[in-house]
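Keep the sequence and the 3D view side by side as you read.

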Amino acid sequence: GLPPRVRIYEVGARDGLQNESAVVPVEVKAEFVHRLADAGLTTVEATSFVHPKWVPQLADAAELFPMLHDIRGVALPVLVPNERGLDRALGLGVRSVAVFGSATESFAKANLNRTVDESLAMFAPVVARAKERGLRVRGYLSMCFGDPWEGPVPVPRVVRVAKALRDLGCDELSLGDTIGVATPGHVRALLAGLAGAGVPVDALGVHFHDTYGQALANTLAALQHGVTTVDASAGGLGGCPFAKSATGNLATEDLVWMLRGLGVETGVDLGRLVATSTWMADRLGRPSPSRTVRALTHK
Ligand code: HMG
Ligand code: MG
């Protein structure tokens with residue numbers, strides 16, 4: 001069966017904009033987040049408090065976050081890799097953070113300049129301090145299916161790091177198909193492996209990039225397995241500057257179209273969302289890759 005309702009965790013402003021070659025003006029980012037909230041999204045990841053030289057596209061995080069102060073009833077999580085990032089975020093009143101680990105050594109090195117275990121050690125005080133303050137903490141887990149340097153990733157390796165992130169105290173895990181190579185059978189195998197290791201399905205979200213056009217099929221497989229949190233990015237923006245083969249995330253519009261057809265509630269106003277992605281595409285100077293956005297705008 002399918003869940004009656006799905007929580008969409010919108011990542012366009014973070015995963016989407018971190019990957020743009022041009023730096024988007026902070027006013028445009030602020031308007032983007034406001035429009036996403038107005039479209040009915042209840043979780044809108046806003047930005048990252050990472051090293052500004054590593055991700056110059058999001059170096060304006062401290063300027064952006066206060067511009068979102070008037071948004072009510074919407075969670076605005078941010079990425080924090082380390083205590084320096086957490087301190088910057090706490091100073092601005094952030095209430096929800098995400099650390100981001102990797103199932104593979106190659107990506108841990110490329111993305112965090114650490115081994116997998118060194119990154120977990122870096123996250124430990126971040127999660128502990130955030131929980132002490134009553135923040136909600138998500139743990140991303142990248143390269144859950146395939147890695148551009150290492151190839152297919154065995155389920156037990158993912159399970160090990162997933163359990164480690166849970167043990168640190170993460171409320172929720174997001175299973176990342178960073179380069180978009182997963183297929184539904186692999187999704188089922190991973191979810192079964194995690195269930196077998198005692199990781200509760202209600203603590204899991206899925207994060208599919210759409211490189212091979214499998215993101216919707218993978219999402220449906222995850223929903224059938226009991227997952228109710230799905231990451232998506234408005235207009236299909238996204239990628240990762242530290243994994244060159246990564247393309248955009250599952251487009252939120254494509255997800256909403258499918259869920260609407262299935263009678264699954266999301267609370268999202270599809271018309272408003274499409275208008276937002278079309279507006280953003282104009283700012284970025286290229287059309288949205290989302291099939292649903294294109295179909296509904298006849299462009
Ligand atoms: P490092 O070079 O090892 O940093 O980078 P360090 O710990 O050695 O510190 C060096 C200097 O950086 C210090 O300054 C720190 O204060 C400063 P100094 O004392 O030399 O003057 N520094 C910072 N400044 C501001 N904010 C900070 C910060 N941290 C240190 N937070 C580091 C390690 C983790 C910082 C770096 O690797 C980094 O920022 N990485 C971020 C990478 C990133 O954002 N990737 C994209 C997000 S992940 C993703 O997209 C995947 C996902 O979508 C899921 C999926 O698709 O799979 C989530
Ligand atoms: Mg991603």
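Predicted model: local features only at pLDDT ≥ 70, side-chain atom pairs only at ≥ 80, totals over all residues.

Start at ligand 1. A shell of 26 residues surrounds ligand 1. His51, Gly85, Ser142, Gly176 and Thr178 are the closest of them. Which elements supply at least two residues each to this shell? They are helix H4, residues 83-90, helix H5, residues 105-112, and strand E6, residues 136-142. H4 gives the largest share, with 3 residues. By type, the shell holds 11 nonpolar, 12 polar and 3 charged residues.

Now turn to the core. The largest nonpolar core has 95 residues. Within this core, Leu141 and Val158 touch the most other members. Helix H7, which spans residues 155-168, contributes the most to the core, with 7 residues.

Find Leu141 in strand E6, one of the elements that supply at least two residues to the shell around ligand 1. Is Leu141 buried or exposed? Leu141 is buried, because 23 other C-beta atoms lie within 10 Å, and the cut-off for a buried residue is 20 or more. Set aside the neighbours within four places in sequence. Leu141 is then in contact with Gly101, Ala103, Val158, Val161 and Ala162, and also with Leu165, Leu173, Ser174, Leu175 and Gly176. His207 is 66 residues from Leu141 along the chain, and the two C-alpha atoms are 9.2 Å apart.

Look in the loop between strand E4, residues 78-79, and H4. Pro81 counts as buried because 24 C-beta neighbours lie inside 10 Å. Beyond residues up to four places away in sequence, Pro81 touches Val50, Val99, Phe100, Leu112 and Met122. Between Pro81 and Val97, 16 residues apart along the chain, the C-alpha separation is 9.5 Å.

Next comes a pair of helices. Two packed helices are described by the angle between their axes and the distance between the axes. Helix H8 covers residues 184-196, and helix H9 covers residues 215-224. They pack at an angle of about 35°, and their axes are 8 Å apart. Their crossing is right-handed. H8 brings Pro184, Val187, Arg188 and Leu191 to the contact, while H9 brings Ala217, Asn218, Ala221 and Ala222. Those residues divide into 6 nonpolar, 1 polar and 1 charged.

End with the backbone. Most residues other than glycine have a negative phi. Asn113 is not a glycine, yet its phi is positive, about 60°. Asn113 is in the loop between H5 and helix H6, residues 116-132. How many other C-beta atoms lie within 10 Å of Asn113? There are 13, so Asn113 is partly exposed. Met143 also has a positive phi, near 55°, in a residue other than glycine. Met143 is found in the loop between E6 and strand E7, residues 146-147. Met143 has 28 C-beta neighbours inside 10 Å, so Met143 counts as buried. Asn113, in contrast, is partly exposed.

Key
Residues numbered from 1 in each chain as written. Chains lettered and ligands numbered in written order. Near = placed C-beta within 6 Å. Helix = DSSP H or I, 4+ residues; strand = E, 2+ residues; numbered from the N terminus. Nonpolar A, V, L, I, M, F, W, Y, C, P; charged D, E, K, R; others polar. Core = buried A, V, L, I, M, F, W, Y, C linked by C-beta atoms within 7 Å. Buried ≥ 20, exposed ≤ 12 C-beta atoms within 10 Å, placed from the backbone. Contact = placed C-beta atoms within 7 Å. Axes fitted to C-alpha atoms, helices over the stretch in contact; angles between N-to-C directions. Left-handed = near helix turned anticlockwise from the far one by under 90°.
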